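This briefing goes through one protein model by topic. It is meant to be read beside the sequence and the coordinates.

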Amino acid sequence: MLEAAAITKSFVFGDHKVDVLRGVSLRLGKGERLAITGKSGAGKSTLLHILGGLSSPTTGTLQVLGADLYAKGEPERAVVRSRDLGIVFQAYHLLPDLTLFENVMIPSMNTAKYRSDARAVERRALELIEKVGLQNRCSHRPGELSGGEQQRVALARAMMNNPRVILADEPTGNLDDSTGGQMLELLFGFAADESRGLVVVTHSRALAERCDRWLAIEDGVLVEKK
């Protein structure tokens, strides 16, 4: 579902170049759950952003469902991100002036499906909101929700266009143990539906051990842990 080959990523600050990723390769199979760990600053989020089409690698290639993502222009990459990839950010990135329902709807608002059958898209959003247990909060705005509730909204939004791959960046990083556990059950449940691929960036050893494979970024390269 994903195949990264010899990915490098460097940042230049004045005369100083920092090599964050130094030739990362990985494959994600259908229905596979993959954890990526590493120290703070190791490049975990950088790699996830590359896998999600949000940041171009310095060198290397990324195949998403068999197509070279970075051979495409930005408009085509945006279509792939919206259609095939569901991204759950640690910081939620919900729009504060929109309701819960509107935030979940966002990925589908500018699609042909919405233009042809808005009611079906609205039903999809309501079904997802019910799955994450927030059906009584549809009219609430992000500022009226707890951190755990906001993360569940972010997960529902990521699933809106029925992606084939879910990418999650520290999905429990801002949550207490109980709320984080509930979030993981939802995340793994969505991944199990239709055998979606799942890549989770995490500091949690317990979460990494729940996945089928566990890779760690060490000195800019991936090391197999499980």
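The model is predicted, so it carries pLDDT limits: local features need pLDDT of at least 70, side-chain atom pairs count only at pLDDT 80 or more, and totals for chains, interfaces and linings use all residues. Residues are numbered from 1 along each chain as its sequence is written, and side-chain values use heavy atoms, with hydrogens and water left out. Helices (H or I, at least four residues) and strands (E, at least two) are DSSP runs numbered from the N terminus.

**Four-strand sheet**

- An open sheet of 4 strands has the order β2-β1-β4-β5 and antiparallel pairing; two strands pair if DSSP finds at least two bridges between them.
- The edges are β2 and β5 (67-68), each with a single partner strand, so one side of each has no neighbour in the sheet.
- Strand β1 (residues 2-13) runs antiparallel to strand β2 (residues 16-28), and 10 bridges join the two.
- Within this pair, threonine 8 has arginine 22 as its bridge partner in β2, and phenylalanine 13 has histidine 16.
- β1 and β2 form a hairpin with 2 residues between them, and glycine 14 in the turn has a positive phi of about 65°.
- β1 is also joined by 5 bridges to strand β4 (residues 59-64), again antiparallel, with leucine 2 opposite valine 64 in β4.

**Six-strand sheet**

- A further open sheet holds 6 strands in the order β6-β7-β8-β3-β9-β10, with mixed pairing.
- Its edges are β6 and β10 (221-224), each with a single partner strand, so one side of each is left without a neighbour in the sheet.
- From one strand to the next, the twist averages 20°; axes are lines fitted to C-alpha atoms, for helices over the stretch in contact, and angles run from 0 to 180 degrees between N-to-C directions.
- Strand β3 (residues 33-37) pairs with β8 in the parallel sense over 4 bridges, and leucine 34 stands opposite valine 199 in β8.

**Helix α1**

- Helix α1 (residues 44-51) lies across β1, β2 and β4, at about 60° to β2.
- In α1, 6 of the 8 residues are buried, so the helix is largely enclosed by the rest of the structure; buried means under 20% relative accessible area, exposed over 50%, and partly exposed in between (1.4 Å probe, protein chains only).
- The buried residues of α1 are Lys44, Thr46, Leu47, Leu48, Ile50 and Leu51.
- Glycine 53 follows α1 and has a positive phi near 75°.

- Histidine 93 has a positive phi of about 55° although it is not a glycine; it sits in the loop between β6 and α3 and is partly exposed at 48% relative accessible area.
- Glutamate 194, in the loop between α7 (177-192) and β8 (197-201), has a positive phi near 60°.

**Glycine 197**

- Glycine 197 is in strand β8 and is buried, with a relative accessible area of 0%.
- Beyond residues up to four places away in sequence, glycine 197 touches Met1, Leu28, Gly29, Gly31, Glu32, Arg164, Val165 and Ile166, where contact means heavy atoms within 4.5 Å.

**Salt bridges**

- The structure holds 15 salt bridges, each a side-chain nitrogen of Lys or Arg within 4 Å of a carboxyl oxygen of Asp or Glu.
- Arginine 22 and aspartate 219 form one of them, with the closest N and O atoms 3.8 Å apart.
- This pair links strand β2 to the loop between β9 (213-218) and β10, 197 residues apart; arginine 22 is partly exposed at 45% relative accessibility, and aspartate 219 is exposed at 63%.
- Lysine 131 forms a salt bridge with aspartate 193, also with closest N and O atoms 3.8 Å apart.
- Lysine 131 lies in helix α5 (residues 118-131) and aspartate 193 in the loop between α7 and β8, so the pair ties together parts 62 residues apart in sequence.
- Glutamate 194 meets arginine 164 in a salt bridge (3.6 Å, N to O).
- Glu32, Arg213 and Glu224 are linked in a network of salt bridges.

**Surface patch**

- Leu95, Ile106 and Met109 make a nonpolar surface patch of about 240 Å².
- Patches consist of residues with over 30% relative accessible area and no salt bridge, like charges being joined within 9 Å and nonpolar side chains (Val, Leu, Ile, Met, Phe, Trp, Tyr) within 5 Å; accessible areas come from the Shrake-Rupley method with a 1.4 Å probe, and for residues only the protein chains shown count as cover.
- Leucine 95 lies in the loop between β6 (85-88) and α3 (100-105) and is partly exposed at 42% relative accessibility.
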